[in-house]
Amino acid sequence: MCARGEWPPLMVTYDPKEGFVVEADGHIKDMTLIAEYTGDVDYMRNRLNDDSDNLMVLLFPHDASKELVICPDKRGNIARFISGINNHTLEGRKKQNLRCVRYNINGQSRVLLVAIRDIAKGERLYYDYNAYHKEYPTQHFV
């Protein structure tokens, strides 16, 4: 599938400091669709005490009680292993090579991760977990 261009060349590896991470297993061109962030969808109010660190906000309605999140703990994909940047430092922000974007596809809200520059083989994939809200604490990220 990678050779035919149907899937980007990715691999999940383990880093003793960062845990499971995603690396490019070949060259990835700018604007390549990396993955859709998938999982069960639930109201954030039902997940306030959830110990998962992989929740992704799907919708940001004016009424906070209707905020939806994607919960990849049971039905996620490789996107749940992509690392976040430390957006409190210039060095951390320089690592970012993906952007999280939301699209309406056939009437459904979807979260996609897209390359924002060329990514070399062996490079780790990073995006800003706080691209929409500044609530996720990233100052401890490597």
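In the predicted model, strand S3 (residues 33-36) and strand S9 (residues 108-115) run antiparallel and are joined by three bridges, where two strands are taken to pair if DSSP finds at least two bridges between them, and where helices (H or I, at least four residues) and strands (E, at least two) are DSSP runs numbered from the N terminus. Within this pairing, Glu-36 has Leu-112 of S9 as its bridge partner. S9 is also joined to strand S8 (residues 98-105), again in antiparallel fashion, through eight bridges, and Arg-102 stands opposite Val-111 in S9. S8 and S9 form a hairpin with two residues between them, and Asn-106 in the turn adopts a positive phi of about 55 degrees.

Residues are numbered from 1 along each chain as its sequence is written. Because the model is predicted, local features need pLDDT of at least 70 and side-chain atom pairs count only at pLDDT 80 or more, whereas totals for chains, interfaces and linings use all residues, and side-chain values use heavy atoms, with hydrogens and water left out.

The protein chain contains two helices and 10 strands, arranged from the N terminus on as β-β-β-β-β-β-α-β-α-β-β-β. Of its 142 residues, 40% count as buried, that is, under 20% relative accessible area, with exposed meaning over 50% and partly exposed in between (1.4 Å probe, protein chains only).

Of the 22 residues in the largest nonpolar core, those that touch the most other members are Ile-34, Ile-82, Leu-98, Leu-113, Leu-125 and Tyr-127; such a core is a set of buried Ala, Val, Leu, Ile, Met, Phe, Trp, Tyr and Cys residues joined through side-chain atoms within 4.5 Å. At least two residues of this core come from each of strand S2 (19-24), S3, S5, strand S6 (68-71), S8 and S9, and S9 gives the most, with three residues. Domain 1 (1-36 + 77-106 + 114-129) and domain 2 (39-75), whose bounds come from an automatic or database domain assignment, both give residues to this core, so it lies between them.

Arg-47 lies in the loop between strand S4 (40-43) and strand S5 (56-59) and, at 17% relative accessibility, counts as buried. Leaving aside neighbours within four places in sequence, Arg-47 is in contact (heavy atoms within 4.5 Å) with Asp-42, Leu-55, Val-69, Cys-71 and Asp-73.
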